[in-house]
Number of protein chains: 2
Amino acid sequence: MARRAIGVDLGGTNIKAGAVAEDGALLSRVAIPTRGGDGHDAVVARIVRAAEMARAEARLPWSAVAAVGVGSPGAFEGADGVVHHSPNLKDMEGKPLLRTLRRAFGRPGLPVALENDANVAAYAESWVGVGRRCRHMVLFTLGTGIGGGLVLDGEIWRGAWGAAAELGHMNLFPDGIRCACGNRGCLEAYASAPALARRLRAAVAAGQPTVLAEAVRRRQAPDARDITLAARAGDRTCRALLTETGRYLGIAVMNVLSMLNVELVVFTGGLTAAGALLLDPIRREARRRTFALAFDRARILFSRMGNDAGVIGAAGWALHRQRALPRRRTP
Amino acid sequence: MARRAIGVDLGGTNIKAGAVAEDGALLSRVAIPTRGGDGHDAVVARIVRAAEMARAEARLPWSAVAAVGVGSPGAFEGADGVVHHSPNLKDMEGKPLLRTLRRAFGRPGLPVALENDANVAAYAESWVGVGRRCRHMVLFTLGTGIGGGLVLDGEIWRGAWGAAAELGHMNLFPDGIRCACGNRGCLEAYASAPALARRLRAAVAAGQPTVLAEAVRRRQAPDARDITLAARAGDRTCRALLTETGRYLGIAVMNVLSMLNVELVVFTGGLTAAGALLLDPIRREARRRTFALAFDRARILFSRMGNDAGVIGAAGWALHRQRALPRRRTP
């Protein structure tokens with residue numbers, strides 16, 4: 001019988017969930033508000049509720065659900081999934097979220113997996129996205145922050161304590177500008193969406209011509225999306241800002257390829273709407289800096305999965321874990 | 001019966017070899033000149049000869065040798081071990097060194113493994129060195145260049161095409177000084193032994209007081225060893241140079257910990273003679289920059305294995321491969 005899983009994507013605003021088939025097809029899709037402010041117990045109950053809604057929506061009995069996977073920002077340590085670094089869900093830090101979830105589902109035979117959201121998005125790419133049939137890949141998520149996910153040898157790479165793939169905090173300029181994390185010169189401080197908007201303001205202040213100058217002066221806070229649209233419409237200053245962002249990301253790609261020799265680097269998130277205006281400079285900078293053996297056969301691509309990658313990846317990872325567990329060594 | 005292997009360390013100047021017991025004990029130790037200029041076939045014959053000498057020296061019959069491991073600079077791709085990037089052995093590039101070695105040993109049942117020298121040194125640390133019982137670790141080799149080795153989940157991590165762990169070419173300053181590899185701002189251009197000597201010359205030119213000033217002016221080319229000795233004797237300028245080198249290495253450690261969340265980072269090579277004068281600033285800089293979850297339980301250590309790490313690691317890796325191969329998935 002074909003196996004299905006429920007995937008849950010726990011975000012700061014919404015909890016999305018869906019039933020997913022063994023071939024990655026999404027059989028149902030639901031979303032409910034997270035309401036993180038209601039606290040740990042309420043959020044756990046809402047995760048279970050979203051999963052239940054996705055199951056019902058797909059008309060599956062629980063007996064047809066092989067596993068549940070939950071993806072969430074943060075790092076989760078050990079067999080109990082103790083929460084570290086969960087910016088959106090402060091109330092959960094230090095708590096054994098995975099153990100709590102298992103109990104909350106109330107189905108002793110049901111495997112539940114909990115994993116970082118960028119990691120499951122990376123797994124989704126390697127399962128049914130641009131990384132299909134690819135064993136080693138890295139995903140960069142470009143947004144307000146820059147996150148990362150690693151798939152090595154077909155498995156999510158979590159590291160010793162679930163803290164791997166913090167790609168946004170790779171160092172770019174040791175004495176550079178201050179990052180939200182407190183350090184100086186992190187990739188995120190140079191190539192995130194807010195960094196792009198900040199550099200637009202600096203460009204306007206320096207008198208560079210752009211269709212967004214007026215909006216900056218009126219403090220309408222044009223954002224990365226506005227910059228991307230203006231660049232696509234031919235605005236030279238906005239194009240130059242994307243080229244510069246691509247250069248920063250290309251250096252980060254070089255660091256990843258030199259360290260891990262993966263086959264594929266994928267970018268996802270709002271900034272990828274810039275298309276070739278961002279992808280070309282990423283590739284150019286990475287090519288210029290990386291040894292040929294690590295670069296020439298590697299691919300650098302933008303994701304085509306859209307917003308369901310988190311749900312699909314969480315479900316896929318849960319199915320994979322369930323299949324792989326009997327032969328798995330201790331993580 | 002206890003298993004033994006022969007380890008071979010193929011260097012630019014010498015080929016070292018030794019018989020190694022299952023507990024990592026070195027049972028014999030030989031060295032013969034590499035004579036790379038004699039070409040591919042001659043070097044292959046000398047590798048076999050060194051292994052044969054190590055076997056005889058340990059009074060082992062071939063029937064008691066479970067495997068042979070060869071460590072060498074360069075990247076080796078695929079089942080045939082096609083040579084890429086072998087600076088000391090240019091003549092071998094593009095050739096299937098592992099296949100050739102298997103034939104040259106002339107013992108069809110004998111498993112032969114070929115691996116990058118920094119990778120086998122990393123494996124040695126995880127097997128019988130400071131990384132004993134450690135599943136995830138990174139090794140930096142500090143010398144004329146900076147190399148790297150990765151052990152993830154107890155296995156050497158070679159990446160898709162054997163090109164992983166080029167830690168010396170991680171980017172530190174995107175628009176920084178030119179590296180030997182042609183790029184700008186690589187770690188190696190800032191923290192290798194020649195970089196340290198170069199910064200001493202700059203310090204002397206800038207009028208900073210040091211006991212080595214006279215030697216610099218007389219063009220006696222004081223090197224990293226001289227700087228380390230002077231620093232240990234209290235020379236302030238030399239101490240500051242080591243502190244600065246430690247700062248560069250600490251940033252690299254941060255990048256590695258943030259990306260891979262390994263349990264251990266080990267440094268080996270001549271510069272580690274500086275002891276705490278180098279290790280303290282490495283730890284300080286890494287602590288300052290790394291998320292607590294990835295840093296607090298991670299260890300940063302100098303190797304204590306000395307010059308036999310290459311031989312021991314090559315033998316250990318060959319034993320490990322031989323044991324692991326039947327259950328191994330395709331690499």
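Which residues are buried in helix 9 of chain B? In this predicted model, they are B:Leu278, B:Leu279, B:Pro281, B:Ile282, B:Glu285, B:Ala286 and B:Arg289. An α-helix has 3.6 residues a turn, so residues three or four places apart point the same way.

Helix 9 itself runs over residues 276–289 of chain B, 14 residues in all. From its first C-alpha to its last it reaches 19 Å, close to the 20 Å expected at 1.5 Å a residue. The cover over its buried residues includes two helices of chain B, helix 8 (236–260) and helix 10 (292–295). Strand 8 (137–142), strand 11 (264–269) and strand 12 (299–302) of chain B also take part in that cover.

The next subject is the interface with chain A. Here 52 residues of chain B are in contact with 51 residues of chain A. The area buried between the two chains is about 4,600 Å², and carbon and sulfur atoms give 59% of it. Polar contacts link 28 residue pairs between chain B and chain A. On the chain B side, strand 5 (75–77), strand 9 (146–152), helix 8, helix 9 and helix 10 each supply at least two residues. Helix 8 gives the largest share, eight residues. By type, the chain B side divides into 25 nonpolar, 13 polar and 14 charged residues.

Four salt bridges are found across this interface. One salt bridge joins the side chains of B:Asp175 and A:Arg247, at 2.7 Å from N to O.

Note on methods. Residues numbered from 1 in each chain as written. Chains lettered and ligands numbered in written order. Predicted model: local features only at pLDDT ≥ 70, side-chain atom pairs only at ≥ 80, totals over all residues. Heavy atoms only, no water. Helix = DSSP H or I, 4+ residues; strand = E, 2+ residues; numbered from the N terminus. Expected span 1.5 Å × (residues − 1). Buried < 20%, exposed > 50% of the residue type's maximum accessible area, 1.4 Å probe, protein only. Contact = heavy atoms within 4.5 Å. Buried area = accessible area lost by both parts, 1.4 Å probe. Polar contact = N/O pair within 3.5 Å; in protein donor to acceptor, adjacent residues only side chain to side chain. Nonpolar A, V, L, I, M, F, W, Y, C, P; charged D, E, K, R; others polar.
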